[in-house]
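Keep the viewer open while you read.

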2 protein chains.
Amino acid sequence: MTRERRLLILGEGFSHDAHYGKTMRGIIRYGPDPVVAILDSARAGEMHDSIPVVGSVSDALRFEPTVAVVGVATQGGRFPPAWRELLKSCIAAGLDVESGLHEFVSEDPELTELARSHGVELRDLRRPPAGLSVPTGANLEVDARIVLTVGSDCAIGKKTVAVELDLEARRRGLESVFVPTGQTGIAIAGWGIAVDAVVADFLAGAAEQLVVEGAERGGKLLFVEGQGSLVHPLYSGVTLGLVHGSVPHVFVLCHRAGATEIEGSPGHPIPPLRELVELHERISLPRRKATVACLALNTADLESDDDAHAAIESAAAETGLPADDPVRFGSGYLLDAVLARL
Amino acid sequence: MTRERRLLILGEGFSHDAHYGKTMRGIIRYGPDPVVAILDSARAGEMHDSIPVVGSVSDALRFEPTVAVVGVATQGGRFPPAWRELLKSCIAAGLDVESGLHEFVSEDPELTELARSHGVELRDLRRPPAGLSVPTGANLEVDARIVLTVGSDCAIGKKTVAVELDLEARRRGLESVFVPTGQTGIAIAGWGIAVDAVVADFLAGAAEQLVVEGAERGGKLLFVEGQGSLVHPLYSGVTLGLVHGSVPHVFVLCHRAGATEIEGSPGHPIPPLRELVELHERISLPRRKATVACLALNTADLESDDDAHAAIESAAAETGLPADDPVRFGSGYLLDAVLARL
C-alpha cells in the first residue's frame, strides 16, 4: 500500500535563496504532491508561497507530512554536516526521505540502518539507472521534434521554461512531453535520469535514452530540461553531453536579465547574448544542426513590468530573436516562436 | 615485495586495429615495463613490433609474464563475453590483471574470488579516486603553462602527441610533465585520473586536480592528454569538461589526415580544420581564452613521406598554423610552435 504523499521540504538555511533553493521552488510550483511545510530554522513562523515555514522536524509533524524532500542543491552535491542530524530526525519521525544530491542517502550505512528500524524508505533521485552506455544512434531516429532549453548559467530557469512550454503546448492539444534531466525535473515528472550523476562517458547515452523514452511516452514534441551552461567553468561538460545526446532540433536560450558573471564563480564573464546564440548553433552536432528559436529572459530581479518589458525588448533587439519572460508574461509567445522553427 | 612487471597484453580480436587497440600501442611504445607477449588467437605466431603474438594464456607462459593488461578499448568500455574466460585463465595462471575498461574487474565477485584464491591482484586503471568534486578555482592558480591536445576524433593520437611533446621538452631540459587523463596515459605514467569514468558533474574538478598535481610533480610546462572531440556524438561532454577544468593556455589540434567522418559513427562529418580551430578557440573559457598553437597531423595511413609532407602542407595552408606529424617526423617543430605561443 502506497501511503499518501504529503511533502515536508527541507530548506534549512537556503529556503530564501532562489539559486540553492531551486529544487524547493520547482517542486512547490510544478510538483503533483502537496507541500505541507518547509523546514528552515532561520525563517520559522514565516509563510512561503502560502506554505508554513517551521523550525524543526517536530514542529513540522502537526502538518502530517509523510515524505521529507531535500530541497536544496549544494555546490558539489554533498550534505553540509548539520544536515545529517536533520535527516536522522526525519527518519526517526517516520518520514521517507527523498534526496537529489550526489551523496546518496541510500548508501549511508547509518541512515539506512535507521531507516530500516523505522520502516521508512530512502530514495535518491540522482542515482543513475543500471546498464547505461554510449549512444546507439537511436536518438536521431526518434519520431518527435526535440526542443532543448540551454542557458547562460545554472539555476536561471531552464527547467521552468521547459515545463512552462510543455504545459502551454498541452493546453493547445499538442502531444507534448517534458523530459526531465535533473533531480527537480524527476521529482516533478516522476521519471527521468539526472544526467550530471552519470559516468561522464555515458552522458550522451543517458540523454539518448531520455528522448527515446519521451517519444515512447507519447511525445511528438519533446521539451528537454537543459543543464548547466556551455560557458560554466564547473558544469559545461554536462551541458555539451546533453546537447549532443538529446539531438535537439531547436534551442530555447535562457538568461537572467542583467547577469554578466557566472553566479558563484566571480571573474567568469557571461558572453553577450548574440555570442551565446552563435556559440550554441556552432557547437550543435554537424549531423543535426540546431538553431536558437527564441530567448527566455528571467526578469525576476526586476520589480516593475515596464523594466521587464524593456529588458526583453533589448534582448530581442540584440539578437534579432523573439524574447519573453514565460513565467512573468506567459509562455504563448515563446511557444509560437518554437513551433515556427520546427 | 613487488614482483618484476613483465606484461602480457590482451589484444584478442583487436591487436591489428589501431583504433580499438590504441591502449596496447601506447603501452608498447611509451610504457616503462617490458611487453613480453601479445595475446590474439587470430594472429598467433606473428610478431608485432618485435613482440611475439600468442594464441592462448598457456602459450604466453613461456615468456614469463607477471601482469596481464587489457589492451583494447571497447565502445562503451564493457567486456565482450568471451573475455571473461580469458581473464579467468590469466588469473588461474597466476597473473595480476590490469584493466582500463568501465566495467571494473575488481568489482566482479567471480573474478575477485578467483584472484583471492590464486593470490593475484586485480587493478582498475579507470576507477576514479574518492572525494572528487567540482573545481575550486585552483586550476587558474597553477604556476605552469598548460598545453592541452584536442582533436577531430577519438583515437587519432592526442595522447601520443602529448607524450611526444613532453619527451622533446624534457630532452631540451625544460621542466615538463605529461598529465594523463585516460587509461593508457595512466598505464604509461603511473598516475592520473581517467576523466571519462568520473561522475559527469565532477569532470572539470578531476581535470583541475590533474593540473594541480602536474605542477606539484615539478611541471612548469604541462602537456595534458586530451579526450574525445568537441564534435564527437558520443564523447563531446568529456572533451569540454576537460577543456574547462584543465584551463589550457594553448591547444594542439590533432587530426588524422584525410578523415572526413567520425570513426564508428557514419554520417557524422568532421568539420574542416579551419572551423575546428575556431570552434576550440571560441569554446575555451572566457576567463582564460586559449588559442590553437599548431596542428599535429597523423599521417600513418599515408605510405610515402612525400604524401605525408603534402598533407601537412595542405593543413598548414588551410589554417595558417604550423603543422607536422610528430610521430613520423619528430616533435621539435611543433614544440617550437607551442613555446612560441606560451
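This is a predicted model: local features need pLDDT of at least 70, side-chain atom pairs count only at pLDDT 80 or more; totals for chains, interfaces and linings use all residues.

Residues are numbered from 1 along each chain as its sequence is written, chains are lettered from A and ligands numbered from 1 in the order in which they are written, and side-chain values use heavy atoms, with hydrogens and water left out.

**The two copies**

The same surface serves both copies, since 100% of the contact residues of chain B recur in chain A; contact here means heavy atoms within 4.5 Å.

A word on terms: helices (H or I, at least four residues) and strands (E, at least two) are DSSP runs, numbered from the N terminus, and two strands pair if DSSP finds at least two bridges between them.

One open sheet in chain B has 7 strands in the order β3-β4-β2-β1-β5-β6-β7, with mixed pairing. Its edges are β3 (47-48) and β7 (122-124) of chain B, each of which pairs on one side only. Further in, strand β1 (residues 7-10) of chain B runs parallel to strand β5 (residues 67-70) of chain B, and 4 bridges join them. To find this spot, look for B:Ile9, whose bridge partner in β5(B) is B:Val69.

Helix α3 (residues 81-92) of chain B lies across β1, β2 (35-39), β5, β6 (96-99) and β7 of chain B, at about 170° to β1(B). Axes are lines fitted to C-alpha atoms, for helices over the stretch in contact, and angles run from 0 to 180 degrees between N-to-C directions.

**The parallel sheet of chain B**

Another open sheet of chain B has 6 strands in the order β9-β10-β8-β11-β12-β13, and here the pairing is parallel. The edge strands are β9 (176-179) and β13 (323-324) of chain B, each pairing on one side only. Strand β8 (residues 145-151) of chain B is joined by 5 bridges to strand β11 (residues 250-256) of chain B, and the two run parallel. B:Thr149 has B:Val252 as its bridge partner in β11(B).

| Helix | Strands it lies across | Angle |
|---|---|---|
| α5 (residues 158-171) of chain B | β8, β9, β10 (221-224), β11 and β12 (291-298) of chain B | about 165° to β9(B) |
| α7 (residues 203-216) of chain B | β8, β9 and β10 of chain B | about 140° to β10(B) |

**Helix against helix**

Two packed helices are described by the angle between their axes and the distance between the axes.

Helix α1 (residues 22-30) of chain B packs on α5(B) at an angle of about 15°, with the axes 11 Å apart. α1(B) and α5(B) are therefore roughly parallel to each other, a label given to angles under 35 degrees, with over 145 counting as roughly antiparallel, 65 to 115 as roughly perpendicular and the rest as oblique. On the α1(B) side the contact uses B:Lys22, B:Gly26, B:Arg29 and B:Tyr30, and on the α5(B) side B:Lys159, B:Thr160, B:Val163, B:Glu164 and B:Leu167.

In the other pair, the axes of α3(B) and helix α4 (residues 109-118) of chain B come within 9 Å and cross at roughly 15°. That crossing of α3(B) and α4(B) is right-handed. B:Arg84, B:Leu87, B:Lys88, B:Ile91 and B:Ala92 in α3(B) meet B:Glu110, B:Leu111, B:Leu114, B:Ala115 and B:His118 in α4(B).

Definitions and conventions: A crossing is left-handed if the near helix is turned anticlockwise from the far one by less than a right angle, and right-handed if clockwise.
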